[in-house]
Amino acid sequence: MDKSSENPEEDRVSLQSDGKMQANGVVKEALGVLQTFRRSIRRPAEKSPRSPNRKESKVTSRAESESPSSLPPASPSLSAGSPAASPLKTRGGFFQKKEEDLTDMTQHKRKPLARSKTDPNMSKLTDSILKKGSSIRRSLRFPSKKENDKVARQEPPAAEALPEMGEEKETDMEEMEELYTLPEIPHTPLSVMQINKLIEMEVLEEAHLNLLAMRLEFLKEQQQTGDDSPMELAKKEKDLALLYTDLRKKICTIVCDSNSFPARNKALLVHVARIIQEEEKRAEEPGGLPDSWMEAWREAVSQGVQVKVNGVHLEKKEQNSSWLAVHLGLLGKTIVEDLENVKRELRWSYPPSFKVFSTYVKSYHRIVGQHLRKLEPQVTELKDLYALLDWILNKYKSEKIMGSFSLQPDMAEESADLHLQEGFLKQLLEKYCCKVKEDMSALLDRVIELEHETVWKDKTEPQREDNLLLSLFPMDIWTAVQGKVDHSGKLDPDLVKKVIVSCLQELKSFPRKFETQFKCHCGALQPQPLWTDYHITYINSFQALQEHMAAYQDSCPQEVEGFKREIKGLIVRLMEVLEEQFKEDVKPFLRRMMTRKWLTNDDDFKQLDGHIQRLSHHCESMRPPHVEEFASRLHYHVVKEYVGQLMKNNYSCRNRKHEKAAAKINEQWNKLSDLFDDMKSSHEWLHHVGHDLSTIIGQNNKADIKDHLQPLVEHYPDFSKKHLVAVLYFRGLQRGREHHLILQKLTALRKEVGSTSTERGQVLFGDMQVTANTDCLSNLPFSCFSFLQTHS
């Protein structure tokens with residue numbers, strides 16, 4: 001019996017020798033096409049992972065799959081031999097009668113395709129049928145409105161049932177069964193070209209079954225022939241490798257596109273999953289690809305994720321200053337939408353072992369990490385670097401992206417951390433600190449520029465706050481530093497200290513830069529009142545800045561102390577300049593104290609008084625504690641110079657002028673003391689010297705002078721004999737018995753008080769220079785005068 005009589009189903013489409021087709025062949029072909037078309041409509045419902053009866057249709061063995069009750073209708077379509085029962089059949093026998101009417105077409109077992117030995121034109125007809133079948137399959141994957149209407153007219157019951165199915169798909173979603181039954185492998189595979197055509201047309205199930213048949217055929221021939229025909233086996237092995245490679249490429253393309261076109265690839269993914277499962281089982285068998293199909297699938301998922309990430313809009317920073325923040329926002333939105341789609345659609349096309357959602361999440365962790373690494377060289381500004389770090393450390397894990405409520409509860413078991421290249425985050429944090437330092441340097445340079453543009457250039461009066469002269473830049477600087485510290489704290493608590501250190505390091509050089517520019521632009525104003533106001537303004541301002549930075553003492557004590565030293569140095573230099581200017585201003589008037597003109601004219605003291613009053617007015621605008629320090633130093637200088645004129649022996653009072661001089665000293669001293677009290681001088685101990693000296697000078701009886709030395713010695717233990725000689729000279733007492741007795745009294749009092757009671761902080765006379773008396777008789781002992789008198 002020939003082959004055609006043994007397989008009438010195969011040869012029903014073959015041509016007789018007279019070129020005419022048999023009658024029963026025509027009928028069977030027509031019925032076969034109709035049957036194939038109907039089953040191709042039912043197949044998406046039968047294989048849908050959302051089918052409510054999916055679990056009931058699970059098949060675990062070949063014997064069960066071949067039983068009459070569970071055997072699927074034969075079909076050359078993608079789902080031929082599928083173990084899943086149609087959900088349409090389970091709806092109260094909705095299509096039962098139709099199935100019974102077509103028993104002769106649905107209960108026979110699908111026969112494997114075989115190479116025909118008939119006319120060569122048969123191959124063309126076979127191709128035509130395959131094309132027709134693929135056309136029908138493609139129409140199922142890309143239905144148009146017109147095609148949907150046509151199917152509805154041809155199959156009224158199915159059209160009525162499909163909406164009900166759609167509702168169940170949305171409300172009852174289940175993953176594919178892990179176990180499955182492989183459809184019958186054809187005894188004779190199709191040709192290489194035919195299998196390749198099936199792969200191209202995405203008829204993956206049939207293509208794979210024929211590849212398995214070809215693989216079995218290869219193994220059988222290898223066992224039978226051994227090494228007798230290595231060329232033929234090598235050719236077949238090469239064909240297998242090429243076809244498997246094409247199949248894998250096609251599968252990878254489908255998987256890669258699946259998250260972009262979920263509806264189109266949903267049915268195909270079912271076959272993709274089963275092919276991967278089967279190939280993983282046969283991994284040890286010869287004839288397949290050496291590497292893992294699951295790894296290839298994961299790589300395809302990653303490629304799809306890469307396409308999604310690369311598709312996120314990225315503007316040039318020249319076009320939009322917020323280019324990175326916008327891009328990261330769109331990237332986060334893309335991630336959430338894609339994972340929602342995986343959770344809602346894609347995962348139902350795979351068995352649980354694929355861990356689809358987890359695979360996509362891990363792919364996003366890795367691909368996004370690589371994407372950010374490529375973006376990093378473009379990030380050159382601090383705000384963009386902050387946006388990048390904030391997105392990595394905070395937003396990516398937050399409810400905005402990976403912690404999104406829409407991804408729960410699936411994300412609960414997944415890590416929400418990006419997979420960054422080793423050392424990349426550390427590099428970003430270091431770069432952030434460097435950018436903070438650069439940004440701080442630019443800010444401080446801008447502060448000096450603004451001070452020049454708004455104050456120095458136009459000689460603008462400085463601003464006042466609570467009657468204190470104060471510039472705005474300390475608050476601007478502190479606000480900038482605190483803002484950087486706050487932002488760094490949101491990124492990483494360990495970053496805060498590094499940012500503070502970076503800011504303080506840059507601030508350390510700021511006082512000297514500021515001083516240099518201030519001298520350059522305002523040096524010509526000296527000694528105008530505006531020049532003095534500027535100095536006081538910056539004394540106050542830098543003191544305020546130091547107080548602001550003291551808040552970081554606990555975090556960075558070394559850096560804060562270094563900054564404080566620089567601030568203190570600047571304030572001291574500013575105060576010294578003011579002090580030197582004041583000394584220079586009052587020097588000519590102090591030099592004329594205790595002279596003949598002074599005794600008869602008050603002009604010099606009035607000038608001195610005027611300068612002190614003006615300085616006192618300026619000091620009202622200076623912040624404590626510098627105002628007390630400044631006033632005290634000037635107080636000491638004026639007292640020392642005023643009293644020091646007594647030590648120069650410029651004038652000696654005669655003819656009772658000492659009384660007028662004493663009264664004048666007392667009066668002027670009261671004024672000076674009041675002025676320096678108003679300036680908040682802390683040197684109250686200087687108030688006694690004027691009154692003590694005026695008391696000594698004003699004594700009419702020379703003998704009474706020694707009785708008034710004790711207060712002076714007690715108040716100023718450094719008051720020495722040479723100082724008393726100078727005072728007595730001004731008093732008009734230059735020699736004689738009383739002069740000697742007064743000096744002796746001083747010596748005794750100094751011994752009583754003791755030199756140890758002198759505090760270095762209260763030294764006055766010790767710093768005064770005394771002009772040597774050129775009168776050779778002034779220091780002679782009293783016995784010498786007696787001797788001279790007796791022999792005269």
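Start by selecting helix H17 and helix H18 (residues 473-491): their axes come within 10 Å of each other and cross at roughly 165°. Helices here are DSSP runs of H or I with at least four residues, strands are runs of E with at least two, and both are numbered from the N terminus. Axes are lines fitted to C-alpha atoms, for helices over the stretch in contact, and angles run from 0 to 180 degrees between N-to-C directions. H17 and H18 are therefore roughly antiparallel (the label for angles over 145 degrees).

Now show the side chains where these two helices meet. On H17, the contact residues include Tyr432, Leu443 and Glu451; on H18, look for Phe473, Lys484 and Leu491, among others. Contact means heavy atoms within 4.5 Å.

A quick word on what you're looking at: this is a predicted model, where local features need pLDDT of at least 70 and side-chain atom pairs count only at pLDDT 80 or more, while totals for chains, interfaces and linings use all residues. Residues are numbered from 1 along each chain as its sequence is written, and side-chain values use heavy atoms, leaving out hydrogens and water.

Next, select Trp456 and Tyr538. How are their rings arranged? The centres are 6.3 Å apart and the planes sit at 85°, so this pair is edge-to-face. (Rings of Phe, Tyr and Trp, using its six-membered ring, pair if their centres lie within 6.5 Å; planes under 30 degrees apart are stacked, over 60 edge-to-face, and the rest tilted.) Trp456 belongs to H17 (residues 424-456) and Tyr538 to H21 (residues 529-549), so the pair ties together parts 82 residues apart in sequence.

Are these two buried or exposed? Trp456 is buried at 3% relative accessibility, and Tyr538 is buried at 2%. Buried means under 20% relative accessible area, exposed over 50%, and partly exposed in between (1.4 Å probe, protein chains only).

Last stop: Trp293. The charged end of Arg248 sits over its ring, 4.6 Å from the centre. That label needs NZ of Lys or CZ of Arg within 6 Å of the ring centre and within 35 degrees of the ring normal.

Conventions: Parallel < 35°, antiparallel > 145°, perpendicular 65-115°, else oblique.
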